[in-house]
Amino acid sequence: MKYRSVFDIIGPVMIGPSSSHTAGAARIGLVARQLFQKQPAWVTFHLYGSFAKTYQGHGTDVALVGGVLGFDTFDTRITDALTIAEKKGIKVAFCEEEAQTEHPNTVKVRLGDDDDQLELVGISIGGGKVEIKELNGFALRLSGNHPAILVVHNDRYGAIASVSAKLAQYELNIGHMEVSRKEVGKEALMVIEVDQNIEDHILKEIESLDQIRKVTKIHE
Amino acid sequence: MFRNVKELVSIATEANITVSEVMIRQEMEQYERSREDIFTQMDRNLTVMEKAVERGIHEDVKSVSGLTGGDGKKLYEYIRSQDSLSGTLMLEAVAKAMATNEVNAAMGTICATPTAGSAGVVPGVLFTIKNKLQPTREQMIRFLFTSGAFGFIIANNASISGAAGGCQAEVGSATGMAAAAVVEMAGGTPQQSAEAMAIALKNMLGLVCDPVAGLVEVPCVKRNAFGASNAIVAADLALAGITSRIPCDEVIDAMFRIGETMPSTLRETGEGGLAATPTGRRYQELIFGSTGKKV
């Protein structure tokens, strides 16, 4: 079941004109911003399928940039997002891609500054709902509807158990969890969706655990 | 959790509760939220819809491209100044559906039901039927939960995205959702809601998504108009005791399979249908220039 809430159907409250091309795009941009945790110096959007064909008409461009600026779907500043980004000195680029993707509304967001870079692939599945399919080359499935944390860790035994034990200690229930790695014994990624918001001190405690490199929080 | 219309209707019928109540209870259980909390959120959505309707029928709304705007207001003034052929109730729903979508095209604030491109149908019907049935605020909120319950099934078993399933998945879904909700508000049974949705959706099957210049304007605004009128007619048919020979779940399944076989030129790419007509292409060039870039 892709849709779980009545508010996926009656909602979101948003700036028009398209739930998949405007609201969904804003949400993908917003997830990228939350993962990057700061204002990027540059951002490039690679657009596929229907996104590539109609992104200007549907305001997909302003919505994606608005999301990266931290604006939610109903934020009226979305309409001026390109100008606001320019004023903030963020370099924005759009690339229309020819390649066929599994889903017609796919975008790859690459953003960064002098120190860090991030790349994610998101799809907008309709009615404003989105899924994040890939993060820095890791395949994942993230709805963006629940509070979630991303844990970059070393691919060693005990790493996953120590993180879940820490969540249990604070009585945080895991709703969905995925673990992936690019190579055995190298960098790995845990995606954990939880029912409640996770406080910052708990994230710090998780980050200080053995084998854990970086912890990032995403929530609605 | 109900997965299809058959399950939804049987849960409601066996417990002797409405479809809206089934949806409310599921939402409470699924997200461990209180009834009050959920009602407050839906109340906010209802307020957004009402504001969009009011804005569209009273203000001179114009989209950024200039392709749409002002038709909802024009029709609303028409029914107030003379005797119309279709009748005031029908045309008021149509006017309000168009008005909402014109606000959407103007990048105004709307509530997606189930999508932005189809956001006019449910509020257009609701804020018109309201004058006839005089519901309480709670009943109006319940209208949205009933619409949501049926939309939820379509979204999970077929699609509510024009890019995936064409306009039948957007305005078609919205029409079926509104029809089912009108039936509940008018005192019909959950089964009659299902019949109304089946009848409404059947008449939207095959509808393609062919926006001129890729904009959610032409033909979207007027498709919302006819979605609203179809929803009211389908509700009346169901309330009269008329049933759909093809069960609602099978209609949804047919809609899904039609969407799967629809060529991509007719699924929100702006490459086929009305978008590919000489006039459609002329508008595309006028708005975006021959390079395809915004001018």
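Helices (H or I, at least four residues) and strands (E, at least two) are DSSP runs, numbered from the N terminus. The expected span of a helix is 1.5 Å times one less than its number of residues. The model is predicted: local features need pLDDT of at least 70, side-chain atom pairs count only at pLDDT 80 or more, and totals for chains, interfaces and linings use all residues. Residues are numbered from 1 along each chain as its sequence is written, and chains are lettered from A and ligands numbered from 1 in the order in which they are written.

Helix α10 of chain B covers residues 190-202. Its 13 residues should span 18 Å at 1.5 Å a residue, and its end C-alpha atoms are 18 Å apart, which agrees. Of these 13 residues, 11 are buried (20 or more other C-beta atoms within 10 Å of the residue's own; exposed means 12 or fewer, partly exposed in between; C-beta atoms are placed from the backbone). Among the buried residues are B:P190, B:E195, B:M197 and B:L201. The buried residues of α10(B) pack against α1 (5-15), α2 (19-31), α7 (137-157), α9 (167-185), α11 (220-239) and α12 (248-261) of chain B. Contact here requires C-beta atoms, placed from the backbone, within 7 Å.

Helix α11(B) has 20 residues. From first to last C-alpha it reaches 28 Å, close to the 28 Å expected. B:G241 follows α11(B) and has a positive phi, near 95 degrees. The loop between α10 and α11 of chain B holds B:P219. The peptide bond from B:V218 to B:P219 is cis, with omega near 10 degrees. A cis bond also links B:T113 to B:P114, with omega near -5 degrees. B:P114 lies in the loop between β1 and α6 (121-133) of chain B.

Most residues other than glycine have a negative phi, and most peptide bonds are trans. B:E32 is not a glycine, yet its phi is positive, about 50 degrees. B:E32 sits in the loop between α2 and α3 (35-58) of chain B. It has 10 C-beta neighbours inside 10 Å and counts as exposed. In chain A, A:N136 has a positive phi of about 45 degrees. A:N136 is in the loop between β6 (129-135) and β7 of chain A. It is partly exposed, with 15 other C-beta atoms within 10 Å.

Chain A has domain 1 (6-142) and domain 2 (148-218), with bounds from an automatic or database domain assignment. Their centres, taken over C-alpha atoms, are separated by 25 Å. The contact takes 11 residues from domain 1 of chain A and nine from domain 2 of chain A. On the domain 1 side, α2 (19-36) and β7 (138-142) of chain A each supply at least two residues. β7(A) gives the most, with five residues.

Four strands of chain A form an open antiparallel sheet in the order β9-β10-β8-β11. Pairing requires at least two DSSP bridges between two strands. The edge strands are β9 (174-181) and β11 (212-218) of chain A. Seven bridges join β8 (148-154) to β10 (187-194) of chain A. Within β10(A), A:M190 is the bridge partner of A:V151.

Between the chains, the contact takes 37 residues from chain A and 46 from chain B. β1(A) pairs with strand β1 (residues 109-111) of chain B in the antiparallel sense over three bridges. There, A:M14 stands opposite B:I110.

Key. Contact = placed C-beta atoms within 7 Å.
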